[in-house]
2 protein chains.
Amino acid sequence: MTATNAARKIAVIGLGSMGFGMAQSLLRAGFAVTGFDTQPEIGARFAAQNGIAAASPLEALSGADIVVVIVVTAEQTKQVLLADDGLLAATAPSAVVISCATMAPDRARELAVAVEAAGRHYVDAPISGGSIRAAEGALTMLVSGKPAAVEKGRPAFEAMAAKLYVLGDEPGIGASFKIVNQLLAGVHIAAACEAITFAKKLGLDIGKVYEVLTGSAGNSWMFENRVPHILDGDYRPRSAVEIFTKDLGIIADISRTEKFATPIASSALQMFLMTAAAGMAKDDDSSVARLYAQISGLDLPAMKKD
Amino acid sequence: MTATNAARKIAVIGLGSMGFGMAQSLLRAGFAVTGFDTQPEIGARFAAQNGIAAASPLEALSGADIVVVIVVTAEQTKQVLLADDGLLAATAPSAVVISCATMAPDRARELAVAVEAAGRHYVDAPISGGSIRAAEGALTMLVSGKPAAVEKGRPAFEAMAAKLYVLGDEPGIGASFKIVNQLLAGVHIAAACEAITFAKKLGLDIGKVYEVLTGSAGNSWMFENRVPHILDGDYRPRSAVEIFTKDLGIIADISRTEKFATPIASSALQMFLMTAAAGMAKDDDSSVARLYAQISGLDLPAMKKD
């Protein structure tokens with residue numbers, strides 16, 4: 001694989017905690033990887049690890065066979081690919097764009113139409129798994145797109161993902177799966193924060209609550225993963241509050257457009273919005289617990305300094 | 001153990017799906033078990049399995065060393081034990097009452113005071129795990145009470161529980177842990193129902209959604225356990241909607257009494273109330289999905305006939 005991969009140029013746009021790890025996994029698989037990030041110092045760090053740092057998206061895209069876009073929003077993805085006609089035109093003929101940001105399914109479909117109009121392939125490919133798994137090449141990828149597009153991207157998927165789900169042959173299906181996941185994930189984080197502070201209000205030892213409830217029917221992946229941040233008083237962002245104001249916001253948009261009420265997700269969104277409003281937008285999403293505690297005058301374990 | 005246990009008479013009050021299994025586990029451990037249920041035919045079924053069926057709570061309690069009360073509410077528990085002075089007086093001197101219903105911590109503390117005033121021991125012992133584990137003697141029990149009371153009940157706990165958590169030496173602590181678990185469990189069921197119907201609205205294959213999301217960060221114990229009921233169209237009550245209108249109702253009561261807002265649990269409660277209002281109170285708690293589907297005109301898999 002490595003010999004073949006070396007001949008393929010990959011551009012990774014967005015070297016945040018997820019994108020950086022994904023770019024590292026692609027390098028490890030033998031691809032020639034050019035990365036771009038709006039923060040030049042991150043590009044420099046990537047260059048120090050045998051990556052190539054580009055000074056602009058255009059430079060990264062030039063000649064690329066595979067373009068992995070791992071920015072935060074649909075709008076940023078559109079800017080990277082379509083801000084001017086020169087961007088996609090600079091990629092290799094019949095290049096494939098792998099779009100990883102969480103976005104509304106309609107936005108994924110719109111982007112696909114625009115990319116295909118420029119003669120390039122498009123794969124809707126949201127990801128799940130966090131930065132550690134990104135760096136290990138062990139992400140979950142929720143992929144949909146035309147079979148030829150998916151096949152063109154497959155060597156890159158194999159380098160980045162431990163679980164690759166090909167969910168359908170149209171863009172938007174991957175985005176839909178991801179947004180359903182985010183509904184559950186966001187509600188579960190808010191519920192974990194509500195439950196653990198409610199337990200504190202009842203006078204319980206919240207460390208013991210964590211121990212007992214992770215082994216019970218009340219457990220969730222998020223309860224198990226996020227409550228330790230609260231127990232450690234460590235709100236450095238592994239995933240930030242503003243990710244969930246965005247993702248639950250997409251659900252709220254779809255909810256209104258499609259006339260489908262989502263009262264549980266809506267309550268969770270309000271809690272993330274309140275937490276962001278209280279100054280914690282860029283802190284760890286478990287900060288919703290700090291909001292409940294602040295409102296009610298509860299003492300949670302002291303915050304760690306960075 | 002069996003030889004010792006045979007000398008101890010246990011009363012089990014309430015032979016519903018949980019109580020019946022617990023009584024079976026106690027029989028298997030060698031205890032002499034007398035059971036009572038308000039439905040005489042259930043008592044007869046218990047007698048057919050080598051249990052003793054009592055015609056009244058008083059008959060069951062007479063001479064009992066250990067009394068396991070596994071009814072639904074605090075009020076029912078109070079009736080069983082305290083409807084008249086003769087009930088507790090009929091038990092063996094220094095008998096222990098093991099109270100398993102999910103109730104507000106304050107109610108558990110009140111019951112303990114009343115039982116202790118009658119010279120008997122009280123253990124606050126809510127349970128988790130479902131009817132299959134009850135029959136296997138493999139429940140999780142969230143126990144608190146005076147050490148002497150807990151020790152007196154221990155042989156029975158060992159027969160009924162795979163995981164026995166002794167959480168403190170005062171009644172009310174077990175109840176508090178259970179109610180925090182129910183907050184999470186109730187929210188996770190409502191979220192699972194919202195998410196799976198939202199997925200249906202997005203046009204996704206909901207069987208595939210179940211497969212993908214159980215392996216993702218959006219998973220919860222309840223999502224994994226309840227969504228198969230929806231996929232099978234099988235709403236026979238393993239645990240009924242009205243259990244969660246009750247348990248989330250206890251949380252709503254505490255929320256107001258303690259001035260601690262629980263907006264996520266409150267949204268979930270409203271969904272269970274709507275599902276009950278629409279005629280599904282005694283159906284499986286996954287029926288919340290049917291409510292979302294009915295409201296929005298979605299087709300879920302056809303319901304199974306009993």
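**One residue and its surroundings**

Guide: B:Val150 is buried: 22 other C-beta atoms lie within 10 Å of its own, and 20 or more is the count required for that label. The model is predicted. B:Val150 belongs to helix H9 of chain B, which covers residues 147-160. Leaving aside residues up to four places away in sequence, B:Val150 has contacts with B:Val123, B:Val143, B:Gly145 and B:Val166. For a distance within the chain, take B:Ala191: it is 41 residues from B:Val150 along the chain, and the two C-alpha atoms are 37 Å apart.

From there, consider the contact between chains. Chain B and chain A each contribute 49 residues to it. On the chain B side, the elements that each supply at least two residues are strand S8 (139-143), strand S9 (161-166), helix H10 (173-201), helix H11 (206-213), helix H12 (221-232) and helix H14 (263-280). H10(B) gives the largest share, 16 residues. Sorted by class, this side of chain B has 30 nonpolar, 14 polar and 5 charged residues. Of the interface residues of chain B, 100% are also interface residues in chain A, so the copies meet through the same surface.

Helix H11 of chain A, residues 206-213, shows how both chains can cover one element. Its buried residues are A:Ile206, A:Val209, A:Tyr210, A:Val212 and A:Leu213. The cover over them includes helix H10 (173-201) and helix H12 (221-231) of chain A, and also S8, S9 and H10 of chain B.

Last, the division within one chain. Chain A is split into domain 1 (2-169) and domain 2 (176-296). Their C-alpha centres are 29 Å apart. The contact between them involves 10 residues from domain 1 of chain A and 12 residues from domain 2 of chain A. On the domain 1 side, those residues are 6 nonpolar and 4 polar, with no charged ones.

Note on methods:
Residues are numbered from 1 along each chain as its sequence is written. Chains are lettered from A and ligands numbered from 1 in the order in which they are written. This is a predicted model: local features need pLDDT of at least 70, side-chain atom pairs count only at pLDDT 80 or more; totals for chains, interfaces and linings use all residues. Domain bounds come from an automatic or database domain assignment. Two residues are in contact if their C-beta atoms, placed from the backbone, lie within 7 Å. Ala, Val, Leu, Ile, Met, Phe, Trp, Tyr, Cys and Pro count as nonpolar, Asp, Glu, Lys and Arg as charged, and the others, Gly among them, as polar. Helices (H or I, at least four residues) and strands (E, at least two) are DSSP runs, numbered from the N terminus. A residue is buried if 20 or more other C-beta atoms lie within 10 Å of its own, exposed if 12 or fewer, and partly exposed in between; C-beta atoms are placed from the backbone.
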